[in-house]
Amino acid sequence: MKANEYTKTKMNPFAVTRDLREFDKETGNIYETVAILSKRANQIAVELKEDFQERLKDFANHNVSDVFEENQENKEQVEFARFYEQLPKPTIMAVHEFENKDIYFKSPEK
């Protein structure tokens with residue numbers, strides 16, 4: 001999923017207190033749920049980092065000679081950085097996906 005797709009979903013970008021009993025209903029074990037959420041948060045972080053680096057290459061490839069163009073490019077870079085700073089943290093995204101049953105997982109014992 002690209003960074004733009006994460007912004008389209010309606011989620012609270014802040015950490016909120018949640019009922020722990022809601023998290024162990026799916027798995028039967030809170031520690032297993034935490035492991036699932038941790039793995040998914042790491043996957044999201046890697047996706048966002050790859051997307052960020054891919055878009056960052058566009059700024060690195062520009063050869064700016066004019067001061068006006070350089071100013072304009074700096075504004076674009078600031079907006080670009082703010083976009084990624086305003087995204088919810090990967091852990092919050094993983095919890096949101098888990099609550100909406102968007103995460104597929106299976107137990108190796110079963």
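## Lining of the largest pocket

In this predicted model, the lining of the largest pocket consists of five nonpolar residues, three charged residues and one polar residue. The residues in question are Ala 35, Ile 36, Lys 39, Arg 40, Gln 43, Ile 103, Tyr 104, Phe 105 and Lys 106. The volume of the largest pocket comes to about 160 Å³.

## Salt bridges within and around helix H3

Seven salt bridges are present in the structure. One of them joins Arg 55 to Asp 51, with 3.6 Å between the closest N and O atoms. Both residues belong to helix H3, which spans residues 30-60, and they are four residues apart, so about one helical turn separates them. The two partners fall in separate accessibility classes: Arg 55 is partly exposed at 24% relative accessibility, whereas Asp 51 is buried at 4%. The cut-off for buried is under 20% relative accessible area, and therefore the 4% of Asp 51 places that residue in the buried class.

## Salt bridge between Glu 99 and Arg 18

Glu 99 and Arg 18 pair through their side chains in a salt bridge with an N to O distance of 2.7 Å. Glu 99 is part of helix H5 (residues 90-99), while Arg 18 sits in the loop between helix H1 (3-8) and helix H2 (20-27); the pair therefore ties together parts that are 81 residues apart in sequence.

## Salt bridge between Glu 26 and Lys 101

A salt bridge also connects the side chains of Glu 26 and Lys 101, at 3.3 Å from N to O. Glu 26 lies in helix H2 and Lys 101 in the segment after H5, so that this pair, 75 residues apart, links distant parts of the chain.

Glu 26 counts as partly exposed, with 42% relative accessibility. Lys 101 has a relative accessible area of 60% and is exposed.

Key. Residues are numbered from 1 along each chain as its sequence is written. This is a predicted model: local features need pLDDT of at least 70, side-chain atom pairs count only at pLDDT 80 or more; totals for chains, interfaces and linings use all residues. Side-chain values use heavy atoms; hydrogens and water are left out. A salt bridge is a side-chain nitrogen of Lys or Arg within 4 Å of a carboxyl oxygen of Asp or Glu. Helices (H or I, at least four residues) and strands (E, at least two) are DSSP runs, numbered from the N terminus. Buried means under 20% relative accessible area, exposed over 50%, partly exposed in between (1.4 Å probe, protein chains only). On a 1 Å grid over the protein atoms alone, a cavity is a set of points where a 1.4 Å probe fits but cannot get out, and a pocket is an open set with protein on both sides within 12 Å along at least five of seven lines; lining residues have an atom within 4 Å of a point. Grid points are joined across faces, edges and corners, and a volume is the space filled by probe spheres set on the points. Ala, Val, Leu, Ile, Met, Phe, Trp, Tyr, Cys and Pro count as nonpolar, Asp, Glu, Lys and Arg as charged, and the others, Gly among them, as polar.
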